[in-house]
Amino acid sequence: MLTVEQVEKSYVQGGMFSKQRQQVLKKVTLECRPGECLGIVGESGSGKSTLGRLMLGLERPDQGIVRFGGRDVMDRRVRMGRISAVFQNYTSSMNPFLTVQDAIMEPMKAQRKAGPGQQMIEHGPQKTERGQLKSVKERHRLEQRNHESVLSPQKAAAAKVDMLLAQVGLDPSYRLKYAHELSGGEAQRICIARAISTEPKCIVLDEAVSSLDVSVQIQVLQLLKTLKSLYKMSFVFITHDIQAAAYICDRFVFFREGRVEETIAVEQLKHVQSDYARKLLKHQISF
Ligand SMILES: Nc1ncnc2c1ncn2[C@@H]1O[C@H](COP(=O)(O)OP(=O)(O)OP(=O)(O)O)[C@@H](O)[C@H]1O
């Protein structure tokens, strides 16, 4: 579904006029399958976040391509509403001048603005791939959405936000709060609500629980697991925390110095082949 094919990325090192480049990603090929949680684990500086940005279409690879459903994610229409992100810095992820409601609504508004282009993709060539049933369901959803917005846009928005807040375990009173009025765990739940608001097929989570207290981490991981099965989404879970990854992921990609070192199903972790994967596991997991 989300595929990374022979991707390379380098950055200029030592200032704008320097000719030196650091090769951060080296011929990376991997796939996040429909409905799975793929963990990208590796040491600090191994290139995990760079890979995440490329998977989100935020940066262009020097070589290779990232595709979603067969299409290049650099095309905004391909990723809009289908791929979203949750980052580590939940406080800076939220605009301080927006209420929780407006922050959660932002991606949906952007998706609506994209309108015709979005529909071209939804009902274009994919219609035949996905079959008639899917397109009927989609049409019904769009009609319902239009119907709601014609009747009472504010009420419909508030109801949608309340539903999303409930799904991340927060009550409607949070709707009018601002980022500075939230705890870390609450802010991250809002970022998750925002990420699921367009019912994406895939979420890239980059160190999404790393800054939270351990007890809050567990709650947020449990929440992510529940939402994943509710929405039938895929996750790309980028982390250096193997314990957290083992809790939520189906497969691990061990990432080392910009390369895929080893890929393995989580239930097979005891049988990793590479020294690097063994070393990372030994430091963090006691079997
Ligand atoms: N925009 C950029 N410009 C220049 N160098 C960059 C840029 N982004 C990343 N790098 C470099 O690429 C390397 C990999 O960084 P990246 O953040 O992808 O690693 P990481 O595995 O996510 O690390 P961490 O776990 O510490 O976040 C680092 O050496 C970093 O300095």
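Author: The model is predicted, so local features need pLDDT of at least 70 and side-chain atom pairs count only at pLDDT 80 or more, while totals for chains, interfaces and linings use all residues. Residues are numbered from 1 along each chain as its sequence is written.

Reader: Which residues of H1 are buried?

Author: A residue is buried with 20 or more other C-beta atoms within 10 Å of its own, exposed with 12 or fewer, and partly exposed in between. H1 is mostly covered, with six of its eight residues buried: Lys48, Thr50, Leu51, Gly52, Leu54 and Met55. Glycine 57 follows H1 and has a positive phi, near 75°.

Reader: In what order do the four strands of the open sheet stand?

Author: Strands pair if DSSP finds at least two bridges between them. The order is S2-S1-S4-S5, with antiparallel pairing. Strand S2 (21-32) and strand S5 (71-72) are at the edges with a single partner strand each, so one side of each has no neighbour in the sheet. Strand S1 (residues 2-12) is joined to S2 by eight bridges, and tyrosine 11 stands opposite glutamine 22 in S2. H1 packs on this sheet, touching S1, S2 and strand S4 (63-68), and its direction makes about 120° with that of S1.

Reader: In what order do the six strands form an open sheet?

Author: That order is S6-S7-S8-S3-S9-S10, and the pairing is mixed. Strand S6 (83-86) and strand S10 (259-265) are the edge strands, each pairing on one side only. Strand S3 (residues 37-42) runs parallel to strand S8 (residues 234-239), with five bridges between them; glycine 39 has phenylalanine 237 in S8 as its bridge partner. Strand S9 (residues 251-256) pairs with S10 in the antiparallel sense over six bridges, and phenylalanine 254 has glutamate 262 in S10 as its partner. S9 and S10 form a hairpin with two residues between them, where glutamate 257 has a positive phi of about 45°.

Reader: Is phenylalanine 252 buried or exposed?

Author: Phenylalanine 252, which lies in strand S9, is buried, because 26 other C-beta atoms lie within 10 Å. Contact requires C-beta atoms, placed from the backbone, within 7 Å. Not counting residues up to four places away in sequence, phenylalanine 252 touches Gly39, Val41, Ala245, Thr263, Ile264, Val266 and Leu269.

Reader: Which residues touch the most other members of the largest nonpolar core?

Author: In soluble globular proteins, nonpolar side chains tend to be buried together. A nonpolar core is a set of buried Ala, Val, Leu, Ile, Met, Phe, Trp, Tyr and Cys residues joined through C-beta atoms within 7 Å. The largest one has 67 residues, and Met55, Val86, Ile203, Leu205, Val236 and Phe237 touch the most other members. Helix H9 (residues 184-196) gives the most to this core, seven residues.

Notes: Contact = placed C-beta atoms within 7 Å. Axes fitted to C-alpha atoms, helices over the stretch in contact; angles between N-to-C directions.
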